[in-house]
Amino acid sequence: MKLLAGLGGLMLMASPALAEDWDFILTNASGKPIKTIELAPAGTTDWKPQIVDTETKLESMIKVNTRTTVRFDKAEKQCRYDIKATFEDTTTQVWAAINVCDNSYITLKLANGKASFTVN
């Protein structure tokens with residue numbers, strides 16, 4: 001009996017952190033077309049590209065003032081993510097600590113090199 005309980009505990013410890021398929025609507029109000037979007041848990045550099053649905057992906061760029069659905073694997077109990085955009089001109093910008101759990105719509109803005117965002 002103790003052996004079974006010990007094995008059960010080992011299985012729980014060895015199981016990977018659970019991830020959820022998650023999405024939100026992103027509006028590009030940065031003033032520049034976005035080539036790629038990557039996400040990382042806030043304050044880390046563990047960047048992962050958004051999940052692209054090849055059947056519905058029609059445009060390769062997120063044009064200025066347009067919306068797109070961003071899909072990614074959200075770690076369990078992780079709500080704040082940094083979002084990194086790579087623009088058509090190959091420059092990048094990071095928007096820090098955006099709460100993706102409580103906000104379905106995220107607008108990325110860029111003015112005079114300063115990143116800001118609005119959520120709802």
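**Disulfide, salt bridges and core**

Author: Cys101 is partly exposed, with a relative accessible area of 25% (buried means under 20%, exposed over 50%, partly exposed in between, with a 1.4 Å probe and protein chains only). Please note that this is a predicted model, in which local features need pLDDT of at least 70 and side-chain atom pairs count only at pLDDT 80 or more, while totals for chains, interfaces and linings use all residues. Residues are numbered from 1 along each chain as its sequence is written, and side-chain values use heavy atoms, with hydrogens and water left out.

Reader: Which residue forms a disulfide with Cys101?
Author: The partner is Cys79, and the two sulfur atoms are 2.0 Å apart; a disulfide is a pair of cysteine sulfur atoms within 2.5 Å. Cys79 lies in the loop between S4 and S5 and Cys101 in the loop between S6 and S7, so that distant parts of the chain, 22 residues apart, are linked. Strands (E, at least two residues) and helices (H or I, at least four) are DSSP runs, numbered from the N terminus.

Reader: Is that link left-handed or right-handed?
Author: The link of Cys79 and Cys101 is left-handed, with -90 degrees about the S-S bond.

Reader: And is Cys79 buried, exposed or partly exposed?
Author: Cys79 counts as partly exposed, at 26% relative accessibility.

Reader: How many disulfides are there in the whole structure?
Author: A search of the whole structure finds one.

Reader: Let us change topic. How many salt bridges are there?
Author: The count comes to three, where a salt bridge is a side-chain nitrogen of Lys or Arg within 4 Å of a carboxyl oxygen of Asp or Glu. In one of them Lys32 pairs with Asp89, the closest N and O atoms being 3.3 Å apart. Because Lys32 is in the loop between S1 and S2 and Asp89 in the loop between S5 and S6, this pair ties together parts 57 residues apart in sequence.

Reader: What about Glu38 and Lys84?
Author: Their side chains meet in a salt bridge at 3.7 Å, N to O. Glu38 belongs to strand S2 and Lys84 to strand S5, so the pair joins parts that are 46 residues apart in sequence.

Reader: Are Glu38 and Lys84 buried or exposed?
Author: Both Glu38 and Lys84 are buried.

Reader: Which residue does Lys48 meet in a salt bridge?
Author: Lys48 meets Asp46, at 2.9 Å from N to O. Lys48 is partly exposed at 48% relative accessibility, and Asp46 is partly exposed at 40%.

Reader: Now the core, please. Which residues touch the most other members of the largest nonpolar core?
Author: They are Phe24, Leu26, Ile37, Leu39, Ile83, Ile106 and Leu108, out of 17 residues in that core. A nonpolar core is a set of buried Ala, Val, Leu, Ile, Met, Phe, Trp, Tyr and Cys residues joined through side-chain atoms within 4.5 Å.

Reader: Which strand gives the most to this core?
Author: S5 does, with four residues.

Reader: What is Leu39 in contact with?
Author: Leaving aside neighbours within four places in sequence, the contacts of Leu39 (heavy atoms within 4.5 Å) include Phe24, Trp47, Val70, Phe72 and Ile83.

Reader: One last point: what is the phi of Lys77?
Author: Phi of Lys77 is near 65 degrees, a positive value in a residue other than glycine. Lys77 is in the loop between S4 and S5 and is exposed, with a relative accessible area of 77%.
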